[in-house]
Amino acid sequence: MTDPNKAPLRVLIVDDHDIVCAGLRMLIQNAGIEVVGTASNAAAALELASRLSPDVILLDLDLAGEDGLALLPELREAAKQTRVLILTGVRDVEAHRSAIRMGAMGVVLKSQAAEILIKAIEKVFAGEIWVDRATMGDVLSEMTRRQSNAPDPDEQKIKTLTEREHQVIALIAEGLKNKQIAKRLFISETTVTHHLSSIFSKLEVTDRLELVIYAFGHSLARIPK
């Protein structure tokens, strides 16, 4: 639940179903989160995102014939400080994987419980990656199936990681920020930053989100239960 003493978290809903938008607005606002607007198509979503700069955008992948996945990078460009959380009924594992790689902070299925959505919004707003165990499990199962008969091309990269870098990766996968990692490992935030730079270089990932996906996909971290 949000802190009543702080400015409310601001959310933009992008979904082409009016009834869904109305239900989401009621659900989210009852949790103390402000819904600043709703959009049913790409044009409206981009205009509202740019003008309102919400904290979090809830984006459906299917917008009445328009591709929500294609809209994702445009939304991130229109509102650079806004975090995008996918809320969808689409169960396409590849689409979820693509959304995460394109910068979405997580995926929530419409079939999941209301409290899961609220928790995901708050986690994403806090800068954490929302890794749903069931959804991420589907993604990783698909990745494993495709790679099961082939040697891991990243094996040599992983071997270059130090023990400390393995520890940092595991804590990043738990959703911890640099300050929290530093406290947990009894090191400075600057040292954590140096470790992350080294990890990104060795594994050839560009940000924390790609690192988390990589870590789960290569058994460098455990999926949360």
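**View 1. Pairing of strands S1 and S3 in a predicted model.** Strand S1 (residues 10-14) pairs with strand S3 (residues 56-59) in the parallel sense over four bridges, where pairing requires that DSSP finds at least two bridges between two strands and strands are DSSP runs (E, at least two residues) numbered from the N terminus. Within this pair, Leu12 stands opposite Ile57 in S3. This is a predicted model, in which local features need pLDDT of at least 70 and side-chain atom pairs count only at pLDDT 80 or more, while totals for chains, interfaces and linings use all residues. Residues are numbered from 1 along each chain as its sequence is written, and side-chain values use heavy atoms, with hydrogens and water left out.

View 2. Five strands, in the order S2-S1-S3-S6-S7, form an open sheet with parallel pairing. Strand S2 (34-39) and strand S7 (107-109) stand at the edges with a single partner strand each, so one side of each lacks a neighbour in the sheet. From one strand to the next, the twist averages 25 degrees.

View 3. Glu165 belongs to helix H8 (residues 163-173), helices being DSSP runs of H or I with at least four residues. Glu165 is buried, its relative accessible area being 4% (buried means under 20%, exposed over 50%, partly exposed in between, with a 1.4 Å probe and protein chains only). Neighbours within four places in sequence aside, Glu165 is in contact (heavy atoms within 4.5 Å) with Thr160, His195, Ser198, Ile199 and Lys202.

Terms used:
Axes fitted to C-alpha atoms, helices over the stretch in contact; angles between N-to-C directions.
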